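Good morning, and thank you for making time for this presentation. I should like to take you through one structure, from its overall fold to some individual residues. Please have the sequence and the model in view.

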Amino acid sequence: MSRLSALTQDRGIALGKTPEEIDKARNQFDMGQLAVAVIEVQKPSEKIPAIEQTYSAGAVCLALLNAALAAGWGANWLSGWQAHDPEFCRQAFDLQENERIAGLIHIATESKAPPERPRPDVAAITEWVSE
Ligand SMILES: Cc1cc2nc3c(=O)[nH]c(=O)nc-3n(C[C@H](O)[C@H](O)[C@H](O)COP(=O)(O)O)c2cc1C
């Protein structure tokens, strides 16, 4: 985690990020205990469209997140600007051009419940159609 934090600092400076942006991005590695990097790998396929390969990697993130929560851990799915920086991905995880970070799933003992926030009105954004 300290290696990823230092790399975030280097990349943030190289990309012209503000000190606040760099601090926020480093924070997940400075505070985190364990993070699983879920990597999307795009493979040429006549059967599986690229977008479905992306969705699948996202589904892995959600499955892992829910499994960790169900097992009683605190868990969160984070990314941040560095996760979308190809040079960070290369130096951090030796990712190739067809690979991306889908998510960093942080898992640890929960010390306090996460604060709630305003939620959308699901009924207002759901459309039911009957034939
Ligand atoms: C793909 C993805 C990336 C995220 N990246 C970040 C992030 O970099 N920083 C952050 O504070 N929250 C990020 N979040 C949001 C947190 O994970 C969020 O707190 C979590 O999804 C809990 O959702 P809730 O607050 O709606 O319950 C991200 C969420 C997703 C789905």
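Let me begin with a definition: two residues are in contact if their C-beta atoms, placed from the backbone, lie within 7 Å. Among contacts in the chain between residues at least 6 apart in sequence, 72% join residues at least 24 apart.

Two remarks on conventions are needed. What you see is a predicted model, in which local features need pLDDT of at least 70 and side-chain atom pairs count only at pLDDT 80 or more, while totals for chains, interfaces and linings use all residues. Residues are numbered from 1 along each chain as its sequence is written.

I turn to the overall fold. Helices (H or I, at least four residues) and strands (E, at least two) are DSSP runs, numbered from the N terminus. The chain contains 4 helices and 3 strands, and from the N terminus on their order is α-α-β-α-β-α-β. The C-alpha trace spans about 55 × 45 × 30 Å along its principal axes. For burial, a residue counts as buried if 20 or more other C-beta atoms lie within 10 Å of its own, exposed if 12 or fewer, and partly exposed in between, with C-beta atoms placed from the backbone. By that criterion, buried residues make up 18% of the 131 residues in the chain.

Next, the helices. The expected span of a helix is 1.5 Å times one less than its number of residues. Helix α2, residues 19-31, has 13 residues and should therefore span 18 Å; its end C-alpha atoms are 17 Å apart, which agrees. Which residues of α2 are buried? They are Ile 22, Ala 25, Arg 26, Gln 28 and Phe 29. These buried residues pack against α1 (2-14), β2 and β3 (99-108).

On the α1 side, Gln 9 is found in that helix and touches Ile 22 and Arg 26, not counting residues up to four places away in sequence. Gln 9 is itself partly exposed, because it has 18 other C-beta atoms within 10 Å.

Helix α3, residues 50-70, has 21 residues and reaches 30 Å from its first C-alpha to its last, close to the 30 Å expected. After α3 comes Gly 72, whose phi is positive, near 100 degrees.

Now the interior. A nonpolar core is a set of buried Ala, Val, Leu, Ile, Met, Phe, Trp, Tyr and Cys residues joined through C-beta atoms within 7 Å. The largest such core has 12 residues, including Leu 4, Phe 29, Val 38, Leu 65 and Cys 89. Two or more residues come from each of α4 (86-93) and β3, and β3 gives the largest share, 4 residues.

Leu 65, in helix α3, is buried because 20 other C-beta atoms lie within 10 Å. Leaving aside residues up to four places away in sequence, Leu 65 touches Ala 75, Trp 77 and Ile 105. With the same exclusion, Cys 89 touches Leu 95, Arg 100 and Ile 101.

The loop between α4 and β3 holds Asp 94 and Gln 96. Asp 94 is exposed, since 8 other C-beta atoms lie within 10 Å, whereas Gln 96 counts as partly exposed because it has 13 such neighbours. Most residues other than glycine have a negative phi. Asp 94, however, has a positive phi, near 55 degrees.

Finally, the ligand. What surrounds the ligand? The shell consists of Asn 76, Trp 77, Leu 78, Ser 79, Gly 80, Gly 103 and Arg 117, a residue being near the molecule if its C-beta atom, placed from the backbone, lies within 6 Å of it. Strand β2, residues 74-78, provides the largest share, 3 residues. By type, the shell divides into 2 nonpolar, 4 polar and 1 charged, where Ala, Val, Leu, Ile, Met, Phe, Trp, Tyr, Cys and Pro count as nonpolar, Asp, Glu, Lys and Arg as charged, and the others, Gly among them, as polar.
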